[in-house]
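Hi,

Have a look at it first, then read on.

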Amino acid sequence: MPKLAILIPARNEKYLKRTLQDIFEHSTDDTEVIVGLDGYTEDLTDINGRVTVFRTQEPIGQRAMTNELARLTTAEYVMKIDAHVSFSHGFDTAMLKDAGEDITLVPVLLNLRPFHWVCKQGHMQQHSNKQPEQCFCGEKEFTSVDSWKVVPKPICSSFYLDTNLIFNYCPIQSTELVNETMAIQGSGWLVSRKKYWELDLSGEEFGSWGQQGAEVSLKTWLSGGTVLCTKRAYMGHWFRQSDEFPYQRDMKQVDHAISTAMISLLLVYLQSIQ
């Protein structure tokens, strides 16, 4: 039985195969990988045979899909990740050193640059998801070139939620090897499979998408657990612009998730003062 299973809910994801290749290049444990194709088909037969694929005919949403994937494993720990991330070598072995029954664990968060722009004259541009209007040489024609590079700085390991439960980066970052953090960014987090189900960390009442970082961190520390970030491992995440999502998004889903989290927090507070 593998100690860790990586769960990847995906919907029309451009970099799913590259993310899977990255995992197998950098994994040093007997880590299981389970992919959920949410309402679409992609041929993954050329990827390492350790991938288990689950598919639905119609989209069911990120939380529901993650739950379906979690049902397919018997691993002691599960790690939900986005389908556009890159890891440090040995990330799984390193993170398991700091994992625990009452811990939600995240790696250091960095930026992934899956591509860069090059002008017709061959000048590489400073990374931007949006095509530049003009190069410093005056050229206005550009080509997108795959790069799959993680930006090594700044190192981000300390995060918080504001009064609207919106994720933010702490102005001063911790220098500890393993530090407690109030919140997480929902693109990658590791918990025991037992706690995943006990705390319902992909609660479908929150809706299909949005604010999972707030949901996971709140449910963890309000239940007496601890949210930690370890610098033994890093994860680069591609932060997409609003027009780069491969499916239609209704921002009312995010509003619903925020209001659900607010109500949950209030109920926990009222119970604590009774």
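**What I found**

Leu 222 is partly exposed, because its relative accessibility is 33% (buried means under 20% relative accessible area, exposed over 50%, and partly exposed in between, with a 1.4 Å probe and protein chains only). Before going further, a word on the source: this is a predicted model, in which local features need pLDDT of at least 70 and side-chain atom pairs count only at pLDDT 80 or more, while totals for chains, interfaces and linings use all residues. Residues are numbered from 1 along each chain as its sequence is written, and side-chain values use heavy atoms, with hydrogens and water left out.

Leu 222 belongs to helix 5 (residues 212-222); helices (H or I, at least four residues) and strands (E, at least two) are DSSP runs, numbered from the N terminus. Together with Met 182 and Trp 221, Leu 222 makes a nonpolar surface patch with about 240 Å² of accessible area. Patches are made of residues with over 30% relative accessible area and no salt bridge, where like charges are joined within 9 Å and nonpolar side chains (Val, Leu, Ile, Met, Phe, Trp, Tyr) within 5 Å. Accessible areas come from the Shrake-Rupley method with a 1.4 Å probe, and for residues only the protein chains shown count as cover.

**The chain as a whole**

The chain has 6 helices and 12 strands, and 51% of its 274 residues count as buried. Its accessible surface is about 13,400 Å², with 51% of that belonging to carbon and sulfur atoms. Among contacts (heavy atoms within 4.5 Å) with a separation of 6 or more, 72% are between residues 24 or more positions apart.

The largest nonpolar core contains 39 residues, and Ile 8, Leu 16, Leu 20 and Val 35 have the most contacts inside it. Such a core is a set of buried Ala, Val, Leu, Ile, Met, Phe, Trp, Tyr and Cys residues joined through side-chain atoms within 4.5 Å. Another core, of 20 residues, lies apart from that one and includes Ala 5, Val 106, Val 191 and Val 216. Back in the largest core, Leu 16 touches Ile 8, Ala 10, Val 35, Leu 37, Tyr 40, Glu 42, Leu 44 and Ala 83, leaving aside neighbours within four places in sequence.

**Thr 73**

Thr 73 sits in the loop between helix 2 (62-70) and strand 4 (77-81), and is buried, at a relative accessible area of 3%. Its side chain makes a polar contact of 2.7 Å with the side chain of Glu 32. Here a polar contact is a pair of N or O atoms within 3.5 Å; within protein, one must be able to donate a hydrogen and the other to accept it, and residues adjacent in sequence count only if both atoms are side-chain atoms. A polar atom of the Thr 73 side chain also lies 3.0 Å from the backbone nitrogen of Ala 75. Beyond neighbours within four places in sequence, Thr 73 is in contact with Ala 5, Glu 32, Ile 34, Val 78 and Arg 193.

**Salt bridges**

There are 9 salt bridges in the whole structure, each a side-chain nitrogen of Lys or Arg within 4 Å of a carboxyl oxygen of Asp or Glu. In one of them, the closest N and O atoms of Asp 98 and Arg 232 are 2.7 Å apart. Asp 98 is in helix 3 and Arg 232 in strand 12 (residues 226-237), so this pair ties together parts 134 residues apart in sequence. Asp 98 is buried at 12% relative accessibility, whereas Arg 232 is partly exposed at 38%. Helix 3 (residues 91-98) has 6 of its 8 residues buried.

Glu 198 and Lys 195 also pair up, with closest N and O atoms 2.7 Å apart; both lie in helix 4 (residues 193-198), about one turn apart. Finally, Arg 63, Glu 205, Glu 215 and Lys 219 are linked in a salt-bridge network.

**Backbone**

Most residues other than glycine have a negative phi. Asn 12, not a glycine, has a positive phi of about 55 degrees, and lies in the loop between strand 1 (4-10) and helix 1 (16-26). Asp 200 has a positive phi of about 50 degrees and is found in the loop between helix 4 and helix 5.

Best wishes
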